[in-house]
There are 2 protein chains.
Amino acid sequence: MKKRFHKEIFDRIPEERRKNLLETAIHEFAHHGFDNANINTIAEKAGISVGSIYKYFDTKKDLFLTCVHHGVETLEQVLNEVLVSREPLLVKLEKIIRLIQEHSRSQRHLIMLYNEITAESNSELTWELAAEMETISARVYSSLVEQAQKEGIISGEYSPRLFSFFLDNLFMMLQFSYACDYYRERFKIYAGEDILEKDELVVEQLMKFIKASFNP
Amino acid sequence: MKKRFHKEIFDRIPEERRKNLLETAIHEFAHHGFDNANINTIAEKAGISVGSIYKYFDTKKDLFLTCVHHGVETLEQVLNEVLVSREPLLVKLEKIIRLIQEHSRSQRHLIMLYNEITAESNSELTWELAAEMETISARVYSSLVEQAQKEGIISGEYSPRLFSFFLDNLFMMLQFSYACDYYRERFKIYAGEDILEKDELVVEQLMKFIKASFNP
DNA sequence: AAGGTATGAGTGAGCGGTCACTCATACAAC
DNA sequence: GTTGTATGAGTGACCGCTCACTCATACCTT
């Protein structure tokens with residue numbers, strides 16, 4: 001995660017101004033998508049001029065990428081804390097589920113942004129950014145699973161890579177199901193109108209599901 | 001699925017012309033997204049005039065919705081054949097996985113289109129359409145699971161609705177992982193560059209995963 | 001300290017390009 | 001002639017981006 005898409009001047013402006021612009025932009029991109037988000041509106045809402053934005057970023061896309069980058073870093077940070085800790089696998093997984101629930105609410109627009117980019121075709125730069133994140137979590141999950149297999153917690157019949165893939169699929173969908181409009185509706189259709197308030201039930205049921213899958 | 005977003009005249013034009021326009025439009029929307037797909041380009045590629053398109057549809061959105069509607073119907077049809085058949089649950093599930101693999105390749109742009117709409121915020125019409133689809137599969141899955149619980153195949157400790165939600169999450173992600181660019185890359189990162197050619201392995205591993213989850 | 005000067009961040013009206021949509025015209029069928 | 005359909009150049013709204021200008025601040029010079 002070394003890439004930078006902003007001009008140097010963006011680093012030098014007051015913290016407050018920088019943070020404000022980023023938050024506004026993330027909000028707009030998350031709610032309207034890349035194309036429908038309007039630079040002029042972002043400028044207005046952030047209380048700065050369009051000119052300034054173009055002093056900080058070469059293009060609209062660069063502003064967008066900086067937002068994504070910011071989001072990726074934030075998510076990664078949160079996840080890593082749990083993954084790196086010295087706790088049993090099942091405890092870690094449960095913590096991740098709870099983190100997803102919490103994070104999807106407090107940083108909802110970041111996850112919407114993330115969902116956004118999974119749909120966007122042919123924007124290689126955007127992928128690259130996100131691919132970096134996926135690579136990291138893929139490696140961490142896979143090694144966790146391998147470790148668990150050695151300890152006999154997870155059956156050796158599994159390909160550790162596919163197993164972590166399935167796991168992460170469940171987590172990713174859960175994230176979207178709390179944060180993104182479409183997936184929220186779908187979540188409610190499946191599990192009832194009030195499912196978004198039944199966090200404990202979801203944790204319990206998903207843990208049961210995952211735990212059972214360990215040993216066919 | 002009764003809604004119609006096209007004018008009556010669209011029903012009256014030659015089959016060939018109608019099919020051609022729909023396919024072209026689906027292709028364009030799937031590859032460029034709703035906003036970046038260009039009506040003028042669609043007209044050109046389909047070999048008809050812009051004017052005609054606006055004789056058949058009131059707005060760009062209506063053309064889009066007709067495409068989505070078409071996709072949803074196609075997917076639904078394929079899925080239902082399996083779900084309604086009189087076979088053991090595990091056989092059904094395995095068939096679904098194989099269908100996903102096949103369908104994601106032959107109708108790739110339909111699934112890209114589906115992915116597309118999950119990302120689009122606040123477009124009530126789009127939801128409605130897809131919600132209808134989700135509702136049907138949610139009901140079918142849930143009743144399958146309940147049935148299996150009665151037969152003692154799936155543990156009674158599960159909420160049937162959440163269990164089918166998790167199942168469908170796995171299927172949905174699998175679909176995207178075969179069809180959509182971003183998810184394909186992610187799939188490869190997790191499971192290796194050649195995973196898209198290892199269909200049998202995926203079936204076997206996913207079935208193991210699902211089957212194990214039945215009984216905690 | 002006062003006056004002179006240089007710097008560069010900040011501004012927003014406006015340019016230019018794109019694209020959804022219209023409409024005057026042409027054509028065909030009867 | 002009338003009705004139904006097809007056409008694509010044209011229109012205008014919209015929006016990313018530019019650029020000529022402002023002005024606060026910092027740094028001289030005397």
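Which backbone oxygen lies 3.2 Å from a polar atom of the side chain of A:K60?

Tutor: The model is predicted. The backbone oxygen in question belongs to A:D35, and 3.2 Å separates that oxygen from a polar atom of the A:K60 side chain.

Now the surroundings. A:K60 belongs to helix α5 of chain A, which covers residues 60–84. With neighbours within four places in sequence set aside, A:K60 touches A:F29, A:F34, A:D35, A:A37, A:I39 and A:Y54. The relative accessible area of A:K60 is 18%, and the residue counts as buried because the cut-off is under 20%. A:Y114 is 54 residues away from A:K60 along the chain, and 17 Å separates the two C-alpha atoms.

The chain around this residue is helical in its assigned elements: chain A has 11 helices and 0 strands. Of its 216 residues, 58% are buried. Among contacts in chain A with a separation of 6 or more, 68% are between residues 24 or more positions apart. The C-alpha trace spans about 60 × 40 × 30 Å along its principal axes. Chain A has an accessible surface of about 9400 Å², and carbon and sulfur atoms hold 49% of it.

Chain A also meets chain B. The contact involves 59 residues from chain A and 60 residues from chain B. Together the two chains bury about 5500 Å², with 65% of that area on carbon and sulfur atoms. On the chain B side, B:Y182, B:Y190 and B:F209 lose the most area to chain A, together 17% of what that side buries.

In one salt bridge, the side chains of B:R186 and A:E134 come together at 3.2 Å, N to O. Several elements of chain B give two or more residues to the side that touches chain A, including α2 (15–36), α8 (124–150) and α10 (181–191). The most comes from α9(B), with 13 residues. By class, the chain B side consists of 32 nonpolar, 17 polar and 11 charged residues.

Key:
Residues are numbered from 1 along each chain as its sequence is written. Chains are lettered from A and ligands numbered from 1 in the order in which they are written. This is a predicted model: local features need pLDDT of at least 70, side-chain atom pairs count only at pLDDT 80 or more; totals for chains, interfaces and linings use all residues. Side-chain values use heavy atoms; hydrogens and water are left out. Contact means heavy atoms within 4.5 Å. Buried area is the accessible area (1.4 Å probe) that two parts lose on being put together, summed over both. A salt bridge is a side-chain nitrogen of Lys or Arg within 4 Å of a carboxyl oxygen of Asp or Glu. Helices (H or I, at least four residues) and strands (E, at least two) are DSSP runs, numbered from the N terminus. Ala, Val, Leu, Ile, Met, Phe, Trp, Tyr, Cys and Pro count as nonpolar, Asp, Glu, Lys and Arg as charged, and the others, Gly among them, as polar. Buried means under 20% relative accessible area, exposed over 50%, partly exposed in between (1.4 Å probe, protein chains only). Accessible areas come from the Shrake-Rupley method with a 1.4 Å probe; for residues, only the protein chains shown count as cover. A polar contact is a pair of N or O atoms within 3.5 Å; within protein, one must be able to donate a hydrogen and the other to accept it, and residues adjacent in sequence count only if both atoms are side-chain atoms.
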